[in-house]
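Colleague: I would be grateful for a close look at the surroundings of the ligand and at the salt bridges of this structure.

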Amino acid sequence: MSVLQFPKGFLWGTATAAYQIEGAVYEDGRSESIWDRFTHTPGKILDGSTGDVACDHYHRWREDVALMKNLGMQAYRFSVAWPRILPGGRGAVNQAGLDFYRRLVDELLEAGITPFVTLYHWDLPQVLQDAGGWPARATAEAFVEYADVVSRALGDQVKHWITHNEPWCISILSHQIGEHAPGWHDWPAALAAGHHVLLSHGLAVPVIRANSPGAEVGITLNFTQSVAASDRAEDIAASRIFDGFFNRWFADPLYYAAYPEDMVALYRAQGHLPAGGLEFVQPGDMAAIAVTTDFLGVNYYTRAVISAETLEQGGALPEPALDRTEMGWEVYPEGMYELLMRLHVDYHLPKLYITESGASYSDAPGPDRRVHDERRRTFLRDHFAASHRALTAGVPLAGYFVWSLIDNFEWAKGYTQRFGIVWVDYATQERIPKDSALWYQQVIAEHGFDAAG
Ligand code: FCB
């Protein structure tokens, strides 16, 4: 037996996002979001599906909170849908939208579950997209208005706020790679979008603090550990570039008030930035972005093994034989330890939460109506163990949110990927806790687990 104990105050939970679970996209005054537009555009989603119904959480939230309570969850990270709150993007507030989240928060607190609210998890009101979207600076101002409305309404009860989920996805994946809404292929627009996302974070933090006294406020970034495929100088250089593209471009402004110089030079040389460079940066922006926060939210799924050749193809992994989840992502628990140590050393963070970590495996209920998702359980066990090592080494890790509570709409992959620790039967909306959920329940109850078990 090798039992790993976590500190008593360590928070265990799960995470979701509004568009992936809520459904009810036409109800109670919600307006269209960029994901409604995107999913209803033929060819964008692998299985042609949409989030119109998703997990019907908008109607089943009470049941979902009860599910969490039964599993002994201590915290829940969810996102607020901007188009439910400000259907016009800014301006008139839709009280019915606020009421939904108020009821949800009340129910969570009643169940002893700490709410962590993400303000932006990708569902931009379409009207703001029509006005230019994130590449337009005005969208940052609209976000601050939205953050003000939500934190004013919920700030007495919600004490953990995450401004944005994954600026890399909001900017690069959505505006350059084009895989997510709004589906653009435009480098300068992607970099401008990223800047406005970071700026809106910086401007919103003081507003949220004023509305929610004593709250912890932070942002969630997604990190992919970048590993050189060999010790050839060109592979090491390529790996450093991938790290700049994916990780440093977003973390450096937040903690050092500057974009990484090597990447600025590279993007200029490649024509991704205008000849003038960072033209979207106005005086005061970088200081605003580097506002002091209380924690960094870390989403970790996998690493990237980078060679000079694969960098050209967007960082594809070279070895086909690796252990992978159904997303095609390598299972690499050690990367969790390496990443946490690296962030601790490079960015001197006061506190970190794993705001997402999880795996897609499609194991379905058997004749016994149970889901024996042993691969997911092992995945969680090994990632928890790697986090424990980092904690022991001095990283101020304060909590862990498994992605995800329930199977849900996985963006461009539709319903083809199941990340939940709870199975969802989309025909009946029945929820069945998988074996991984039952194991997690025990981990939480015991503040630890057998790393070899
Ligand atoms: C992250 C997203 C989350 C989910 C997981 C699998 O990038 O934040 O919504 O889709 O990936």
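Modeller: The account below begins with the ligand and then turns to the salt bridges.

This is a predicted model, in which local features need pLDDT of at least 70 and side-chain atom pairs count only at pLDDT 80 or more, while totals for chains, interfaces and linings use all residues. Residues are numbered from 1 along each chain as its sequence is written, and side-chain values use heavy atoms, with hydrogens and water left out.

In glutamate 410, a polar side-chain atom is 2.7 Å from a ligand oxygen. For glutamate 356, the distance from a polar side-chain atom to an oxygen of the ligand is 2.9 Å. Tryptophan 411 likewise has a side-chain N or O atom 2.9 Å from a ligand oxygen. Of the 290 Å² of accessible area that the ligand has on its own, the protein covers 95%; the areas come from the Shrake-Rupley method with a 1.4 Å probe.

Glutamate 356 also takes part in a salt bridge, that is, a side-chain nitrogen of Lys or Arg within 4 Å of a carboxyl oxygen of Asp or Glu. Its partner is arginine 77, and the closest N and O atoms are 3.0 Å apart. This pair links distant parts of the chain, 279 residues apart: arginine 77 belongs to strand E3 (residues 75-79) and glutamate 356 to strand E8 (residues 352-356). Strands are DSSP runs of at least two residues, and helices (H or I) of at least four, numbered from the N terminus. Arginine 77 is buried, at 0% relative accessible area, and glutamate 356 is buried at 5%. Buried means under 20%, exposed over 50%, and partly exposed in between (1.4 Å probe, protein chains only).

Arginine 37 and glutamate 32 form another salt bridge, with closest N and O atoms 2.7 Å apart. Here arginine 37 is partly exposed at 39%, as is glutamate 32 at 32%.

In total, the structure holds 33 salt bridges. A network of them links Arg240, Asp243, Arg248, Asp262, Arg342 and Asp346.

Methods
Polar contact = N/O pair within 3.5 Å; in protein donor to acceptor, adjacent residues only side chain to side chain.
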